[in-house]
Amino acid sequence: MSLSQAQMRAHIFLVILDKFSGSSERRQEALTEYFLVTMPNVPEDAAKRLAELIPDLMPDLYSKWIDEFSEKLFETVPDEQLQHLCDGSVENNAALGLVFLMFMESERMEQQTEEDLRRYAREHSGSDDMGDLVAAYLRGKVDALRADVGGAKLQ
């Protein structure tokens, strides 16, 4: 049975979103740890407060980037291969994650990501510095996803 384009888009979106998402508590813990490592002079309670100030990027930015990724996939990958990638297997979900990483690491997307993060930070905090912090955190998430996808490929 073949999937409709809408079903494949939904599958791709959910697989990629799952790689980046987590509970709000886990996200804040990860941000706090990141700030403590990258800013050793900041007390732990201040790092926790800073982590709470950074809004969840899911609804605004991750969705935008995943949609752009899906658009590019549907423009460049034949339907038969997309059907295979969307079969729900661990291997193909890992492959989707890897292809998403390659997409996010493209020069165009690196520039787009920086622009989006700065605009988002200005709109939500009035500060480009917050955008820099969020960008650094997001790069760490991409690195963690790369390690996760690499580990899944080796299994």
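Predicted model: local features only at pLDDT ≥ 70, side-chain atom pairs only at ≥ 80, totals over all residues.
Visitor: Where does asparagine 92 sit?

Guide: Asparagine 92 has its place in helix α6.

Visitor: And is asparagine 92 buried or exposed?

Guide: Asparagine 92 counts as buried, because its relative accessibility is 10%, and buried means under 20%.

Visitor: OK, new topic: which residues in the largest nonpolar core touch the most other members?

Guide: That core has 23 residues, and the ones that touch the most other members are Ile12, Ile16, Trp65, Phe69, Leu73 and Leu96.

Visitor: Which helices supply at least two residues each?

Guide: Those are α1 (5-20), α4 (58-76), α5 (79-85), α6 (90-104) and α7 (107-125), and the largest share, seven residues, comes from α4.

Visitor: What is leucine 73 in contact with?

Guide: If we leave aside its neighbours within four places in sequence, leucine 73 is in contact with Ile12, Leu82, Leu96 and Val99. As general background, nonpolar side chains tend to be buried together in soluble globular proteins.

Visitor: Why does leucine 36 count as partly exposed?

Guide: Because its relative accessibility is 29%, which lies between the 20% and 50% cut-offs.

Visitor: How far apart are leucine 36 and lysine 48?

Guide: They are twelve residues apart in sequence, while in space the distance from C-alpha to C-alpha is 9.2 Å.

Note on methods
Residues numbered from 1 in each chain as written. Heavy atoms only, no water. Core = buried A, V, L, I, M, F, W, Y, C linked by side-chain atoms within 4.5 Å. Buried < 20%, exposed > 50% of the residue type's maximum accessible area, 1.4 Å probe, protein only. Helix = DSSP H or I, 4+ residues; strand = E, 2+ residues; numbered from the N terminus. Contact = heavy atoms within 4.5 Å.
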